[in-house]
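Me: Could you walk me through this structure? I would like to begin with its pocket.
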Amino acid sequence: MSENNNNGKKNFFKRLSGFKKFLVIYASVLVVIIAVALVLLYGLLKDYEAGRPANTMDKLVSHIEAGNVGKWIKDAGILGEFETEDIVSDYFKDTFADKEVSYKKKAGEYTENNPVYILYADDKKIANVTLTEKKKNAHKFTEWKLASIDFNVDSKTKNTEHSVKITAPKNSEVTVNGVKVSSDYITGEADVSLCKHVGDYVTTPVDDVYNINGMFAKPEVKVTYNGKELDTEYVKDGYEAYYPSDDELLSSEKSHILTVAENYGKYMINRGSLSTLSSYMIGNAKEYMSDIPAIDVYLIGRTFTYDITDENVSNFRKYSDDCYSCDVDYNLNVKWSSGSTTYNISLTYVFVKQNDKWMLADFSIR
């Protein structure tokens, strides 16, 4: 009996030991399965998160806040040839300085296949950001990258700050941020506005018009013409480079320019001859002058004196060997027994050379 009991106990413990082994093995397998499931789930969630368009926008915001967005934009392939990473980073630093960076889906344009967001600095709309597919990850989720950053947030009002237009004399050398602009960027020609009425006498001066899109920051624009750097300024919707001056020609012509201007002033106060004044003119200037009556007819019959002071010739531009323009300013002081008047005369002249003689072809009153 005692021996049977001992055998039973041995068998029981033997079975218990086997069950424990089973539990250990089962638990181990279960742990492995759970671990694998967790790894797979983590990978799934990681790929899902990477595939969210907002994830790409979060990265953009973090780069803006860190001040290194330039490199990220370059890596995305949307950095143009005229800007560096530092230029773009500095632009975003200035734009978002002391402001909260945020974004929202753009209503009416955002779709799952074409994510478009509006980028904000506080409550101000800065740009539209469009994403495009980068690749499909292991779980076939689409990962996104920058496709474009468009600063024309309001389609009703075109933002020209980031689309650079440059008007420069034909055959000039144009640089943007120190990089030479090729003729591929020339989109057309434009007659010089001051010289639009000289075509009957000389070749009309022509400007080349350059257009560069996709700029982030306001650029440094320089224009060189015949080896001389030109005066360049931002006007209206772009940069305009002006034809150069010519000190030697100005020196030789200044007396002639002032003579024409003085005769204009004398005619206006009935102390000059229209025929004399017209003898300096051709074309549009002559026709225009014939339609302008003397303004101070009330001086007729009065005794008065006059003098001219503060004469100045400025903004002298030479377009060719037979065409130039300039501004003329002076004070015409008229005195009579009971009073006096000073007329501030401001004119813009365009001269052309005809038979070796400079003639006034057009003018305007400023």
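Reply: In this predicted model, the residues lining the largest pocket divide into ten nonpolar, four polar and seven charged (Ala, Val, Leu, Ile, Met, Phe, Trp, Tyr, Cys and Pro count as nonpolar, Asp, Glu, Lys and Arg as charged, and the others, Gly among them, as polar). Local features need pLDDT of at least 70 and side-chain atom pairs 80 or more, while totals for chains, interfaces and linings use all residues. Residues are numbered from 1 along each chain, and side-chain values use heavy atoms, without hydrogens or water.

Me: Which strand supplies the largest share of the lining?
Reply: That is β13, with four residues; strands here are DSSP E runs of at least two residues and helices H or I runs of at least four, numbered from the N terminus.

Me: OK, new topic: which residues touch the most other members of the largest nonpolar core?
Reply: Of its 33 residues, they are Ile257, Tyr264, Met289, Tyr349 and Phe363, where a core is a set of buried (under 20% relative accessible area, 1.4 Å probe, protein chains only) Ala, Val, Leu, Ile, Met, Phe, Trp, Tyr and Cys residues joined through side-chain atoms within 4.5 Å. The largest share of this core, nine residues, comes from α5.

Me: And what are the buried residues of α7?
Reply: They are Gly283, Ala285 and Met289, and the buried residues of α7 pack against α5, α6 and β17, with contact meaning heavy atoms within 4.5 Å.

Me: Where is confidence lowest?
Reply: Helix α1 (residues 2–50) is lowest, at a mean pLDDT of 58, on the predictor's scale from 0 to 100 for each residue. Where pLDDT is low, the predicted coordinates should not be read in detail.

Technical notes: Buried < 20%, exposed > 50% of the residue type's maximum accessible area, 1.4 Å probe, protein only.
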